[in-house]
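Q: Please take a close look at one part of this model: its aromatic pairs.

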Amino acid sequence: MPTPARLHVAHALHEVFGEKGRVPDIWDRDLGEDAHLAQALLGLCLRRWGRLQAWVTPQLKDPSRGVPLGTRVTLAMGLAQLAWLPGVSDHAAVNESVDLAADRDLGFVPHKGLVNALLRRAAKDRAALAAALDALPATLDRPAAAERALRAALAPHQAPHRAPELAEAELETLWTRLQRPPRPAFRLLAGEAPEGLTPDADLPGCLRLADEAPFPRPWLEAAQGMVQDRSSQALLAYAWERPVTRILDACAAPGGKTTTLALRHPSAALTALEVHPRRVARLRQTLQQRGLEAQVIQADAAEWLETTDATFDLILLDAPCSGSGTLQKHPEWPWLAHDDLPRLTGLQRRLLAAAADRLAPGGLLIFAVCSWLPEEGEAHREWLAEARPDLRPAAVWPAALGADADGATTAFFRPHPLRWEGEGFQAFAVSRG
């Protein structure tokens, strides 16, 4: 029987390539030390899926017949271990994959012999296998959705008459960087930071894990700190001097940004909206563990905003989006179906309009998406400027954090993807009166 780590990876790959769903956040829960192997193996399979499948095709007697998903998953896992995980023995890589092929749910039993033959042949020269896979075009791992996201990320920062070869070189550089797992960023909540966490030189309050330092799990479990992406921390590094007594976090779970808002404005009444019951429970648990108070409301944010009479001095609308800026953290993103973008952009505009109606005079509204696509950020900013002349851009972010902007501050924060270490995102801020 395959090990739990390999079973978890196989389930995750079936979710992505069979159901076109995201890898669940807790997919590797309860794996213990085996989580490291599972994370490395899943990352390799997702980031190099195209090349792994391209290597298999010419090895088949009749490629035109197609290959069942169970066989593709099994072979990809076996090949990834042989090519890029030297700590895994030949025996483990081959035999565990053959056992996985025999699993009626995750493999394809008639291809058990095929899997065994191909992997044993590949195991005879692992260095040659790795070289052959690496020699295949990297574009095989970059489907159309990823290509569009990369070009959208770079377009606002490129000169109009930039030489095509330079633009393509930047695209390749960005894609290569996104293939490396992201460095986690942390935020101190109480006490002192543990050894191994060092201050980020460019982002006050942000902590980074030093090379070879152990992941600070006990510190996180004690609610003395939290993991928070560098971009999320920059988003909440806004400068705002006006009084804030009522805050709304419109799409709050899992609670990292809610936590930061509560700590930045400890005397303000904080309302947090979330529609999904499980995420509501997680949000409440997070706030309780950190000793923070907020009114948590389970509701559809758009419907609630359109029916409430409440107004707020500060509204954070971190809207549901395509997630195109999370390619580095979510290597499955390029392989998912992306046919719901019209629905998402419609929802974003509805949320933005409703939030603007609930902004008190003198208040600040921050809209953000972890996406590079212009229709999810820049287009909404332009629409709002025409539709709501009572709202004015609010330059609340230091341009030095990475945004392309004239002057010291900016109202539209869109970091350069090659200069910014953190998720890709767009954010803009407006104030009333």
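Is Phe186 buried or exposed, and what is its relative accessible area?

A: Phe186 is buried, at a relative accessible area of 0%. Buried means under 20%, exposed over 50% and partly exposed in between, with a 1.4 Å probe and protein chains only. The model is predicted: local features need pLDDT of at least 70, side-chain atom pairs pLDDT 80 or more, while totals for chains, interfaces and linings use all residues. Residues are numbered from 1 along each chain as its sequence is written, and side-chain values use heavy atoms, without hydrogens and water.

The whole structure holds nine aromatic pairs. Rings of Phe, Tyr and Trp (its six-membered ring) pair with centres within 6.5 Å; planes under 30 degrees apart are stacked, over 60 edge-to-face, the rest tilted. Phe186 and Phe215 make a tilted pair, 5.7 Å centre to centre with 55° between the planes. Phe186 lies in strand E1, Phe215 in the loop between strand E3 and helix H10, 29 residues apart. Helices (H or I, at least four residues) and strands (E, at least two) are DSSP runs, numbered from the N terminus. Phe215 is partly exposed, at 36%.

Phe367 and Phe428 are stacked: 5.1 Å between centres, 25° between planes. Phe367 lies in E9 and Phe428 in E14, so this pair ties together parts 61 residues apart in sequence. Phe367 is buried at 1%, and Phe428 is buried at 3%. Six bridges join E9 to E14, and the two run antiparallel; strands pair if DSSP finds at least two bridges between them. In E9, 10 of the 11 residues are buried, so the strand is largely enclosed by the rest of the structure.
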